[in-house]
Amino acid sequence: TLGKSSHELSAPIHSVISLLLKFLEDAETSAANFALNAHMQGQSSLPPNISQEELCGGTTIDMLRRAALTLIHLAKHSKNSKLFLNHQHRVLTLAMSRFTHPRIGAMIANLLYHMEGDWTLT
């Protein structure tokens, strides 16, 4: 760590956690809006020619997977567990959303498992 205190390192990690969650939330919101628009237009299902990028707000499932995997790796380190405390509700909301891609939702559930520590969900 080249002499940096743990507090100096935790601030950037906390920002990374927040930004990665925002990236996942934006994709989930985009999928929810797309489904709402389709429903308002009287479509009972998504059009067959819809691309994953359109559904995920211009990103890909692979990029969402990478963001979730990065969060999982951060959560596995016990020094980072307190940094996830402020984000537990956001992570739970993503895991429970019906608009989160199933593969990403499973990874977010795995993230919740690794976030578990000395805290309880509120």
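By the way, helices here are DSSP runs of H or I with at least four residues, strands are E runs of at least two, and both are numbered from the N terminus.

Before I go on, the housekeeping. This is a predicted model, where local features need pLDDT of at least 70 and side-chain atom pairs count only at pLDDT 80 or more, while totals for chains, interfaces and linings use all residues. Residues are numbered from 1 along each chain as its sequence is written, and side-chain values use heavy atoms, with hydrogens and water left out.

Back to Asn80. Asn80 is buried, at a relative accessible area of 8%. Buried means under 20% relative accessible area, exposed means over 50%, and partly exposed is in between, with a 1.4 Å probe and protein chains only. If we leave aside neighbours within four places in sequence, Asn80 is in contact with Ile13 and Leu74; contact means heavy atoms within 4.5 Å.

Now the overall picture. The protein chain has five helices and zero strands, so the pattern along the sequence is simply α-α-α-α-α. Of the chain's 122 residues, 33% count as buried. The accessible surface comes to about 7900 Å², and 58% of that belongs to carbon and sulfur atoms; these areas come from Shrake-Rupley with a 1.4 Å probe, and for residues only the protein chains shown count as cover. And take the contacts with a separation of 6 or more: residues 24 or more positions apart account for 77% of them.

In soluble globular proteins, nonpolar side chains tend to be buried together. Here the largest nonpolar core has 23 residues, and Leu24, Leu71, Phe84, Ile108 and Leu111 touch the most other members. Which elements give two or more residues to this core? Those are α1 (6-40), α3, α4 and α5, and the largest share, eight residues, comes from α3. For the record, a nonpolar core is a set of buried Ala, Val, Leu, Ile, Met, Phe, Trp, Tyr and Cys residues joined through side-chain atoms within 4.5 Å. Have a look at Leu111: beyond four places in sequence, Leu111 is in contact with Leu71, Ile72, Ala75, Phe84 and Val91.

That brings me to a helix pair. Two packed helices are described by the angle between their axes and the distance between the axes. For α3 and α5, the angle is about 10 degrees and the axes are 9 Å apart. The axes are lines fitted to C-alpha atoms, for helices over the stretch in contact, and angles run from 0 to 180 degrees between N-to-C directions. So α3 and α5 are roughly parallel to each other, because angles under 35 degrees count as roughly parallel (over 145 is roughly antiparallel, 65 to 115 roughly perpendicular, and the rest oblique). On the α3 side the contact includes Leu64, Ala68 and Leu71, and on the α5 side it includes Ile104, Met107 and Leu111.

Let me stay on Met107, in helix α5. Met107 is buried, at 16% relative accessible area. Leaving out neighbours within four places, Met107 is in contact with Arg65, Ala68, Leu69 and Ile72.

Over to α4, then. Ala95 lies in helix α4 and is partly exposed at 21% relative accessible area. Ala95 touches Ile108, Ala109 and Leu112, not counting residues up to four places away, and its C-alpha is 5.4 Å from that of Ile108. Leu92 is also in helix α4 and is partly exposed at 29%; from C-alpha to C-alpha, Leu92 and Ile108 are 7.9 Å apart.

Last stop: is Thr100 buried or exposed? At 12% relative accessibility, Thr100 counts as buried. Thr100 is found in the loop between α4 (88-96) and α5 (102-115). Its side chain reaches the backbone oxygen of Leu94 at 2.9 Å. Glu28, Leu94 and Gly105 are the residues Thr100 touches, not counting those up to four places away in sequence.

Okay, that's my tour. Over to you.

Definitions and conventions
A polar contact is a pair of N or O atoms within 3.5 Å; within protein, one must be able to donate a hydrogen and the other to accept it, and residues adjacent in sequence count only if both atoms are side-chain atoms.
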